[in-house]
Amino acid sequence: MGVGDVVRVRFRPGVVGEAARVVHQAVVLPTGACFSLCEAVIGESEAEFLDGVGGMPCMVCVRVMALRSSAGGRELDAPGAAS
Ligand SMILES: [Zn+2]
């Protein structure tokens, strides 16, 4: 995992309530913290990284991604897009 990588991340158990443990789309900062599309900052020691599909997605992050893709951005593939 490198700086600038897009990761799927949520808070570790116990850092926040279970209802707040949604999965964000975030980039890794030089400090090791994650900065999500919904502008949450998750410290390196508070972060739980997820591989593949799992967890309840952060609706704000999903919305930001959808708006970016509808604006013509191609940096992230939409789920379910024809291949
Ligand atoms: Zn989010």
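The model is a predicted one, in which local features need pLDDT of at least 70 and side-chain atom pairs count only at pLDDT 80 or more, whereas totals for chains, interfaces and linings use all residues. Residues are numbered from 1 along each chain as its sequence is written.

The protein chain contains one helix and five strands, assigned as DSSP runs numbered from the N terminus (helices, H or I, at least four residues; strands, E, at least two). From the N terminus on, these elements follow the order β-β-β-β-β-α. The mean pLDDT of the chain, on the predictor's scale of confidence in each residue from 0 to 100, is 87, and 86% of the residues score at least 70. Confidence is lowest in helix α1 (residues 59-70), with a mean of 92, and highest in β3, with 97. Of the 83 residues of the chain, 18% count as buried.

The five strands form an open sheet in the order β4-β3-β2-β1-β5, with antiparallel pairing (two strands pair if DSSP finds at least two bridges between them). Strands β4 (41-42) and β5 (47-50) stand at the edges with a single partner strand each, so one side of each is left without a neighbour in the sheet. Strands of a sheet pair through backbone hydrogen bonds, either parallel or antiparallel.

Within this sheet, β1 (residues 6-11) is joined to β5 by four bridges, and R8 has L50 of β5 as its bridge partner. Four bridges also link β1 to β2 in antiparallel fashion, with V7 opposite A26 of β2. Strand β2 is in turn joined to β3 by three bridges, and here A26 stands opposite S36. The hairpin of β2 and β3 has five residues between the strands, and G32 in this hairpin takes a positive phi near 95°.

Across the protein chain, 47% of the contacts between residues at least 6 apart in sequence join residues at least 24 apart.

Two further residues were examined individually. V6, found in strand β1, counts as partly exposed because it has 13 C-beta neighbours inside 10 Å. V6 and A26 are separated by 20 residues in sequence and by 5.5 Å in space, C-alpha to C-alpha. With neighbours within four places in sequence left aside, V6 is in contact with Q25 and V27. E39 lies in the loop between β3 (34-36) and β4, and counts as exposed because it has 11 C-beta neighbours inside 10 Å. The phi of E39 is near 70°, a positive value in a residue other than glycine.

How values were computed. Buried ≥ 20, exposed ≤ 12 C-beta atoms within 10 Å, placed from the backbone. Contact = placed C-beta atoms within 7 Å.
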